[in-house]
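This report walks through one chain, starting with a single side-chain pair and widening out from there. Please keep the structure open while reading.

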Amino acid sequence: MATKGKFIGITTAIVLIALAVFIYIRFFFVFGEGVKAGELNQIMYKGWVFKTYEGRLIQSGFRGQKGGGSIQSNEFNFSVTDKAVADSLMRCSGKNVELKYKEYRGKLPWRGMENKIVYEILSVSQADRSTVIPMVGEE
């Protein structure tokens, strides 16, 4: 009888340790860390139960050979957990920003709706608005 109880105890311990390792790797291990730059499109405070700061950065660039060399834009959706960083970003809408972020494998509702979490603003500058849009019919 003692060996059966010991087996159940060891099996339970192994399952709990495996579960703890899985949860850590999935939700708390930093998978990647980097910097993104672009024009800050929006930052908002939203959520049903857990209110979080969510933002979008527009990155412009050029398509490769297959895309015909045309201009494209990429969106970088992110969450912000630090209220001070979010408040600073609220004043930067429409400006070019450089943001430092961490990427996690999973999302937690109280951390945000995205798995990329911005934790620092590296730089802020005015967006380049020098693009000339040709008017049809002008001489």
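Asp87 and Lys83 sit 4 residues apart in helix 2 (residues 83–90), so about one helical turn separates them. Their side chains meet in a salt bridge, at 3.1 Å from N to O. The model is a predicted one.

How accessible are the two partners? Asp87 has 29% relative accessibility and counts as partly exposed. Lys83 is partly exposed as well, with a relative accessible area of 49%.

The structure holds 2 salt bridges. One of them joins Glu75 to Arg56, with the closest N and O atoms 3.6 Å apart. Glu75 belongs to strand 3 and Arg56 to strand 2, so this pair ties together parts that are 19 residues apart in sequence. Arg56 is partly exposed, at 23% relative accessibility.

## Overall layout

The chain has 2 helices and 5 strands. Along the sequence, the order is α-β-β-β-α-β-β. The chain counts 139 residues, and buried residues make up 24% of them.

The chain exposes about 10,100 Å². Carbon and sulfur atoms supply 59% of that area.

## The nonpolar patch

Which residues form the nonpolar patch on the surface? The members are Leu16, Ile17, Leu19, Val21, Phe22, Ile23, Tyr24, Ile25, Phe28, Phe29 and Phe31.

Helix 1 (residues 2–28) is the main contributor: it gives the most to the patch, with 9 residues. At 53% relative accessibility, Leu16 counts as exposed. The charged end of Arg105 sits over the ring of Phe31, 4.3 Å from its centre.

## Aromatic pairs

A search of the whole structure finds 5 aromatic pairs. One of them joins Phe50 and Trp110 in an edge-to-face arrangement. The ring centres are 6.0 Å apart, with 65° between the planes. Phe50 lies in the loop between strand 1 (30–46) and strand 2 (52–62), and Trp110 in the loop between strand 4 (96–104) and strand 5 (116–125). The pair therefore ties together parts that are 60 residues apart in sequence. Trp110 is exposed, at 54%.

Phe76 and Tyr101 form a tilted pair. Their centres lie 5.0 Å apart, and the planes make an angle of 55°. Phe76 is in strand 3 (residues 71–80) and Tyr101 in strand 4, so the pair ties together parts 25 residues apart in sequence. Phe76 is buried, with a relative accessible area of 4%. Tyr101 also counts as buried, at 11% relative accessibility. Ring pairs link Phe76, Phe78 and Tyr101 into a cluster.

## Around Thr52 and Arg111

Thr52 lies in strand 2. Its relative accessible area is 4%, so Thr52 is buried. What does Thr52 touch, not counting residues up to four places away in sequence? The contacts are Met44, Tyr45, Lys46, Pro109, Trp110, Arg111, Gly112 and Met113. Among them is Trp110, the ring that pairs with Phe50.

Arg111 is another of these contacts. Thr52 and Arg111 are 59 residues apart in sequence, yet their C-alpha atoms are 7.0 Å apart in space.

Notes:
Residues numbered from 1 in each chain as written. Predicted model: local features only at pLDDT ≥ 70, side-chain atom pairs only at ≥ 80, totals over all residues. Heavy atoms only, no water. Patch = residues over 30% accessible without salt bridge, like charges linked within 9 Å, V, L, I, M, F, W, Y side chains within 5 Å. Areas by Shrake-Rupley, 256 points an atom, 1.4 Å probe, with all protein chains shown as cover. Salt bridge = Lys/Arg side-chain N within 4 Å of Asp/Glu carboxyl O. Buried < 20%, exposed > 50% of the residue type's maximum accessible area, 1.4 Å probe, protein only. Phe/Tyr/Trp six-rings, centres within 6.5 Å; stacked < 30°, edge-to-face > 60°. Lys NZ or Arg CZ within 6 Å of the ring centre and 35° of its normal. Contact = heavy atoms within 4.5 Å.
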